[in-house]
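Reader: I have a chain open and want to talk through how it is put together. Can we start with the overall picture and then go into detail?

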Amino acid sequence: IWKHQYEKDYNEFLELPNLRKMDKRGYNIDDFGGEWMRNNMEEGMWKMFGIADVNLIHENPEVQCFSEKTICHILAGKLFIDVHYRTIQKIHKVIELIGYDVPNYPLPEYDDITDILPWLREQMDDDEKWDDLKFKLKSWLEYIRKCFLKSINERNSLLDEIFKTIPNNII
């Protein structure tokens, strides 16, 4: 993909009136390590969630856990598709281990996102199909989020262990 192919779209995007612009800090030798941006949280949220309807995120498929990026997307309710289907399988395994039914993931199974790009392109090019896919992703994500939050509130093993040692009259 060449810059000139999308330059017109990008320039139109920058002219949108409600676009939140941030002054990014530099990473050159002159300002290396500078932390003078007025709000680093704003930059972090911009990097984490962006403005897309659905984010593509990448987790390392070789490790047995998922990162804060996936957890943040789940807890924030931000729609995402992971580059590797193994991350979805890990999420489903956690849901199963904490005792909940595993929901159906609305995308076909894939090893790498490139396996389903033609299918995904077809969904995105048809507004009705895209809206349907987003709705199904949202339903899946809301269920996963509900299970995670319920588990955090009801099955916090560390707090359960601490509360066993605290006398009843203190609580």
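**Contacts and helix packing**

Author: Of the contacts in the chain (heavy atoms within 4.5 Å) between residues at least 6 apart in sequence, 61% join residues at least 24 apart. This is a predicted model, in which local features need pLDDT of at least 70, side-chain atom pairs count only at pLDDT 80 or more, and totals for chains, interfaces and linings use all residues. Residues are numbered from 1 along each chain as its sequence is written, and side-chain values use heavy atoms, with hydrogens and water left out.

Reader: How many helices and strands does the chain have?

Author: Seven helices and two strands, in the order α-α-β-α-β-α-α-α-α along the sequence. Both are DSSP runs numbered from the N terminus: helices are H or I with at least four residues, strands are E with at least two.

Reader: And what percentage of the residues in the chain is buried?

Author: Of the 171 residues, 32% are buried. Buried means under 20% relative accessible area, exposed over 50%, and partly exposed in between, with a 1.4 Å probe and protein chains only.

Reader: Let's go to α6. What does α6 reach from its first C-alpha to its last?

Author: Helix α6, residues 127-154, has 28 residues and reaches 40 Å, close to the 40 Å expected. The expected span is 1.5 Å times one less than the number of residues.

Reader: Which residue caps its N-terminal end?

Author: D126 does, with a side-chain oxygen 3.0 Å from the backbone nitrogen of E128.

Reader: What do the buried residues of α6 pack against?

Author: They pack against α3 (68-76), β2 (80-82), α4 (85-97) and α5 (117-125). The buried set includes W130, L133, W140, L141, C147 and F148.

Reader: At what angle do α3 and α6 pack?

Author: About 100°, with the axes 8 Å apart. That makes α3 roughly perpendicular to α6, a label for angles of 65 to 115 degrees; under 35 is roughly parallel, over 145 roughly antiparallel and the rest oblique. I71, H73, I74 and L75 of α3 make the contact with L141, I144, R145, F148 and L149 of α6. Axes are lines fitted to C-alpha atoms, for helices over the stretch in contact, and angles run from 0 to 180 degrees between N-to-C directions.

Reader: And where do the axes of α5 and α6 cross? What angle?

Author: They come within 5 Å and cross at roughly 110°, and are therefore roughly perpendicular to each other. Residues W119, L120, E122, Q123, M124 and D125 in α5 meet D127, K129, W130 and L133 in α6.

Reader: Cysteines next. Is C147 buried or exposed?

Author: C147 is buried, at 0% relative accessibility, whereas C72 is partly exposed at 28%.

Notes: A polar contact is a pair of N or O atoms within 3.5 Å; within protein, one must be able to donate a hydrogen and the other to accept it, and residues adjacent in sequence count only if both atoms are side-chain atoms.
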